[in-house]
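Visitor: Could you take me through the sheet in this one, and then what packs against it? I'd like the cut-offs spelled out as you go.

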Amino acid sequence: MFFVLPTVYFFNNILNRNCPHCVALTPIIEEMAKDYSQDPSVMIAQFNTHANDLPNGVEIKYVPTLILFKNCQQKMEQVTFHGQNRTFTELTNFINTNKC
């Protein structure tokens, strides 16, 4: 289980380094990390399923899977991105519209 601090949003790209779609998404996630680096309430990360086991409570059906973990009213929630366009703009809009 991920621990999410109050007022912190943890956006995670769950990937496998052998997946071409995952590799193609990596530069966008890195750009997002730079963009949000000045916002202490948002953390951007990548989790490689090839090298690590998924934490308890996190289930995925495919890679890449993009999940926003957020702590709203003392309850941790997971919101999965289901959009077709995995662009910088779409992903940042997803984070911003899913804040508490």
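Guide: What you've got is an open sheet of four strands in the order β2-β1-β3-β4, with mixed pairing; two strands pair if DSSP finds at least two bridges between them. β2 and β4 sit at the edges with a single partner strand each, so one side of each has no neighbour in the sheet. From one strand to the next, the twist averages 20°. Strands are DSSP runs of E with at least two residues, helices are runs of H or I with at least four, and both are numbered from the N terminus.

This is a predicted model, so local features need pLDDT of at least 70 and side-chain atom pairs count only at pLDDT 80 or more, while totals for chains, interfaces and linings use all residues. Residues are numbered from 1 along each chain as its sequence is written, and side-chain values use heavy atoms, with hydrogens and water left out.

Back to the strands: β1 and β3 run antiparallel, joined by six bridges. Y9 has K70 in β3 as its bridge partner. T65 also belongs to β3, which covers residues 65–72. T65 is buried at a relative accessible area of 5% (buried is under 20%, exposed over 50%, partly exposed in between, with a 1.4 Å probe and protein chains only). Leaving aside residues up to four places away in sequence, T65 touches N12, N13, I14, I60 and T80, where contact means heavy atoms within 4.5 Å.

Now the helices. α1 lies across β1, β2 and β3, running at about 155° to β2; axes are lines fitted to C-alpha atoms, for helices over the stretch in contact, and angles run from 0 to 180 degrees between N-to-C directions. In α2 (residues 88–97), L91, T92, F94 and I95 are buried. They cover an arc of only 150° around the axis, which puts them on the same side of α2; that arc is taken from the directions from the helix axis to the C-beta atoms. The buried residues of α2 pack against β1, α1, β2, β3 and β4.

F94 is worth a stop, being buried at 10% relative accessible area. A search of the whole structure finds three aromatic pairs; rings of Phe, Tyr and Trp (its six-membered ring) pair if their centres lie within 6.5 Å, with planes under 30 degrees apart stacked, over 60 edge-to-face and the rest tilted. F81 and F94 make an edge-to-face pair, 5.3 Å centre to centre with 80° between the planes. F81 is in the loop between β4 and α2, 13 residues from F94. Ring pairs link F11, F81 and F94 into a cluster.
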